[in-house]
Amino acid sequence: MGLIAVLVALPLLFAFLTALTIPLRMEKYARYFFLAGALFPWLVYLLIGEGSEVVGGWPKIGGIEVALDTYNSLLVFGELILFSAVALYSIDYFKKDVKPLVLLLLVHAGLLGAFISRDLFNFYIFMEIASVSAFSLVGFSGGKEALKAAYKYLMLSLLASYFFVFSIGIIYLKTGYLNLELISQSPLYPEVEVAVAVAFTSLLLKAGIFPLHTWLPDAHANAPSPVSALLSGAVVKAPAYGMVLLSLYLPLQENVKNALIVLAFSSMFFGVGVMLLERDIKRFLAYSTVSQMGYVLLGIATLNPMGAVYYAFAHMLFKGGLFLAAGVLVDKFKTRKLEKLSYRGDPILMVSILTLSLAIGGIWPFVGSPAKAALLKGLPYGKELFYVAGLGTLISFTKLNYYLMRGKRRRYGFTVLPSLIMALAALFAGISLGGSPKAMDACLLLGGVVLFLLLKASGLLGVKLPKREMTPKEVNIGAALFSLFLLLLLYLSQG
């Protein structure tokens, strides 16, 4: 076994050892195995460089190829940073139960496996390991809303999984290969183009892109705090990376690319629109993920895979950090209502949230700045819309910080460290990726603050979203939207 595959083997091994502490009645040692599974992959990552290998030394045609290259090494790096922070938060959050620690390690292994896979079937297997573990974690609290959210997530994600594995079957039937490089060297059959459209639709649902996002806000908002950070920061990146792989090895029809660009902008603006009215901090951040995943899709649709990867990496850092910070507030105040939360009295938490808010707004010197610059380089048109969406993000996060600057002063102790780690990572990553100060940043930031104050004074931000209750009907609606969009992409893929 080569070292690249050990990245996945280590979390799986320590998940087993962590679970073994339950029948052996050694639960007090579980956290040590858990931390080992979270941190030991760092050693492997730092020891190996870029390259590829076929596990077991089999020929590529029948073996499992794994790789670290320009595209995925940054995502693996981001996942390791985020999971380390989540693990630090989780050892205190889940101190009375071992099972969620095991499930978190399975998510860790699944994500790393998906990011290093170079054949479609093993990418699917690892993505499903992460997804199935995530379903369980969403409903772990046992609360009514959490169980409903987990059920909706499960049903819609499984629907997407069935169609994704169906598309893999079509590709294998026509080409005889599962390895992406070998598939790309085969003739491009019409059936393969159909299969790519089916695979893209499935991955769009799993990534939470509008209008196939219906599962995401409830799942991310009702999950335990560290799980929300992992779901939003990393789990939705596995299907996004699947789309990157498909776009690298299999050509997209021009009609499909244009449709995906429209979809990307729609997701960006829809998420921002709901954020402006949302008063639940975790749903606010969940809809922000719907918006931000539109940026990642924009890179994929414009055949700018590095731009998509840069933004996915940036989103891992700032959104993972924001959910961890929100978790501190929610767990302390026992409410998710923005007007009842405050970071006053804790300068570390305040600086972390302000830093991460600037990062998600694309302000230099934080990681969002070079990530957005990378996307802009490959954008053929719609740059004005891109800047307007960024302005909407800054207005939304001005609103977030406006509320958090008010309220009671409190100290949060050790629990603020994970969000601080992510804020520092967002700063250092922004400097390392070569971001540079721009006058546009200052204009957008000032515009975001001024427009927030104007909207607040006008009373528009006081409009309340209608109260809603999750029902089984929502699964049917999500499935219907998936079916309609699948038919649209199938039609467009035929020219």
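Predicted model: local features only at pLDDT ≥ 70, side-chain atom pairs only at ≥ 80, totals over all residues.
Reader: Where is the place of Pro211?

Author: Helices (H or I, at least four residues) and strands (E, at least two) are DSSP runs, numbered from the N terminus. Pro211 falls in the loop between H8 and helix H9 (216-222). The peptide bond from Phe210 to Pro211 is cis, with omega near 5°. A further cis bond runs from Trp364 to Pro365, where omega is near 10°; Pro365 sits in the loop between helix H15 (347-360) and helix H16 (368-377).

Reader: How many helices and strands does the protein chain have?

Author: The protein chain has 20 helices and 2 strands. The radius of gyration is taken over C-alpha atoms, and the globule rule is 2.2 Å times the number of residues to the power 0.38. For this chain the radius is 21 Å, close to the 23 Å that the rule gives for 495 residues, so the chain is as compact as a globular protein of that length.

Reader: Is Ala199 buried or exposed?

Author: Buried means under 20% relative accessible area, exposed over 50%, and partly exposed in between (1.4 Å probe, protein chains only). Ala199, in helix H8 (residues 190-206), is buried, with a relative accessible area of 2%. Contact means heavy atoms within 4.5 Å. Not counting residues up to four places away in sequence, Ala199 touches Phe164, Ser167 and Leu246. Ala199 and Leu246 are 47 residues apart in sequence, yet 8.7 Å apart in space, C-alpha to C-alpha.

Reader: With which side chain does the side chain of Glu254 make a polar contact?

Author: A polar contact is a pair of N or O atoms within 3.5 Å; within protein, one must be able to donate a hydrogen and the other to accept it, and residues adjacent in sequence count only if both atoms are side-chain atoms. The partner of Glu254 is the side chain of Lys257, at 3.1 Å. Glu254 belongs to helix H12 (residues 254-277) and is partly exposed, at 48% relative accessibility.

Reader: What is phi of Lys334?

Author: Phi of Lys334 is near 60°, a positive value in a residue other than glycine. Lys334 occupies the loop between H14 and H15 and is exposed, with a relative accessible area of 70%.

Note on methods
Residues numbered from 1 in each chain as written. Heavy atoms only, no water.
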